[in-house]
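Have a look at the structure first, then read on.

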Amino acid sequence: MSITVGKLFGNGTVLYQMKLLAGQKGLNNLVEWVHIIENDEVSQFLHGKEVVFTSGMLNNNDGWLLEYAKKLYSVGISAFVVNIGPYTKSIPENVVAYCNSVDMPLYTIPWETKMVDVTRDICYRIMQKEQVEISIASTIKNIIFKTGDLETLTLQMERYGYLRDSHFCFIVMSIDNEKEENQELNINKIKMYAERIARSIHELYISFSYNESLILGLVNYSDYNINNFVNTFFKSWNESLGKVHMGISENKVGIEKQAENFNNGFTAMKMAKKQCKEVIFYDKLDIYKILLNTKDNDILKEYYNDTLGKLEKYDKENNTNLMDFLYIYLKNNGSVQLVAEKQYIHRNTVNNQLKKIEKITSYNPLNLEEKVKLILGFYIRDVM
């Protein structure tokens, strides 16, 4: 839970006589806490996503402030505030230029504005913002999981600006990581990264964790903005932290319809994991929608065993790859010629393999109706 620099210091000019000197492009940086730090060596103990205040008490040479700014940027702070006075009388141009180059907001406050008063106010606002966001996340979860009275919960959401006829899109994100002990840490990194992108697009945004996944609720985002969020996320995401699989629900209007919409986002995420894809949109699942919403999974298993089960078993027992061969054949619209060309084999070999498959499965891949049944079997395999 955090607030952007721009939101935090939106009234800074009036309240604290603050001046923004540089880093305007970084006003969407997220802030989790604030510190007053005079010794630049202490910067190594920062966690990132913080605002740092200094009076420059140790500012004893022309290059000190620039080196301090570089150290703060290296640990990922969100903004830098300098108290102009006896220790730092002005901000050198090279410091302004550096902060602009790295998009790190640089502010000044006059000596008459006490840093302790400003930081106390900021801490209070951060904690207040966190409590509000926790309350919003708890309320939307109660709506999704149908806990409590819907009308009461809807009124609670409306008090925070989330109207009953708002559009909601749920983005469900799961991360593959070999080291399970880093799972919570990486989920938190995804959360911070995603939150920064989301808030740079639109203010209304909800996040919470569920079943080892991060849930993002984008409220009143256009379809264009949702696509923009997804593209921006994967463009810069560091896969060394783990591969992210993302499922996108429909962008559906009405708070009362969000339980189903949430489940659809989760369904899309599971399909993204099974198919090893970065992202899948629920509204593009096509036939999978029908299969995934089948309440009796035994019916799907029975159908799969009847169509492809025997072939799969044959491959395992005889170390063959007839399942892959059949899949390639079906993906090429049942064209013997295309399969022969792509597999670098003779047409007669293709026909012999198809006859062998028919003998094992009792389904003729050359027959249109039976071909459709085999295709459906592969679709079912994807969701099992």
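Is Glu369 buried or exposed? Glu369 is exposed, with a relative accessible area of 54%. For such labels, buried means under 20% relative accessible area, exposed means over 50%, and partly exposed is in between (1.4 Å probe, protein chains only).

A quick word on what you're looking at. This is a predicted model, where local features need pLDDT of at least 70, side-chain atom pairs count only at pLDDT 80 or more, and totals for chains, interfaces and linings use all residues. Residues are numbered from 1 along each chain as its sequence is written, and side-chain values use heavy atoms, with hydrogens and water left out.

**Salt bridges**

Side chains of opposite charge can pair when their charged atoms come close. Here a salt bridge is a side-chain nitrogen of Lys or Arg within 4 Å of a carboxyl oxygen of Asp or Glu. Searching the whole structure turns up nine salt bridges. The table shows some of them, including a pair with Glu369.

| Pair | N to O distance |
|---|---|
| Arg164 and Glu151 | 3.0 Å |
| Lys273 and Asp176 | 3.9 Å |
| Glu369 and Lys373 | 4.0 Å |

Let's start with Arg164 and its partner Glu151, joined by a salt bridge. Arg164 sits in the loop between helix 6 (150-159) and strand 8 (167-176), while Glu151 is in helix 6, so the pair ties together parts that are 13 residues apart in sequence. Helices (H or I, at least four residues) and strands (E, at least two) are DSSP runs, numbered from the N terminus. Arg164 is partly exposed at 32% relative accessibility, and Glu151 is partly exposed at 39%. There's also a network of salt bridges here, linking Glu151, Glu158 and Arg164.

Next up is the salt bridge of Lys273 with Asp176. Because Lys273 lies in helix 9 (residues 258-274) and Asp176 in strand 8, this pair ties together parts that are 97 residues apart in sequence. Lys273 is partly exposed at 35%, and Asp176 is partly exposed at 34%.

Back to Glu369, whose partner is Lys373. Both sit in helix 15 (residues 368-383), four residues apart, which is about one turn of the helix. Lys373 is partly exposed, with 31% relative accessibility.

**A negative patch**

Asp296, Asp298, Glu302 and Asp306 form a negative surface patch. For charged residues, a patch takes those with over 30% relative accessible area and no salt bridge, joining like charges within 9 Å. Glu302 belongs to helix 11 (residues 297-318) and is exposed, at 60% relative accessible area.

Notes. Patches are made of residues with over 30% relative accessible area and no salt bridge: like charges are joined within 9 Å, nonpolar side chains (Val, Leu, Ile, Met, Phe, Trp, Tyr) within 5 Å. Accessible areas come from the Shrake-Rupley method with a 1.4 Å probe; for residues, only the protein chains shown count as cover. Lys and Arg count as positive and Asp and Glu as negative; His and the chain ends are not counted. The place of a charge is taken as NZ of Lys, CZ of Arg, CG of Asp or CD of Glu.
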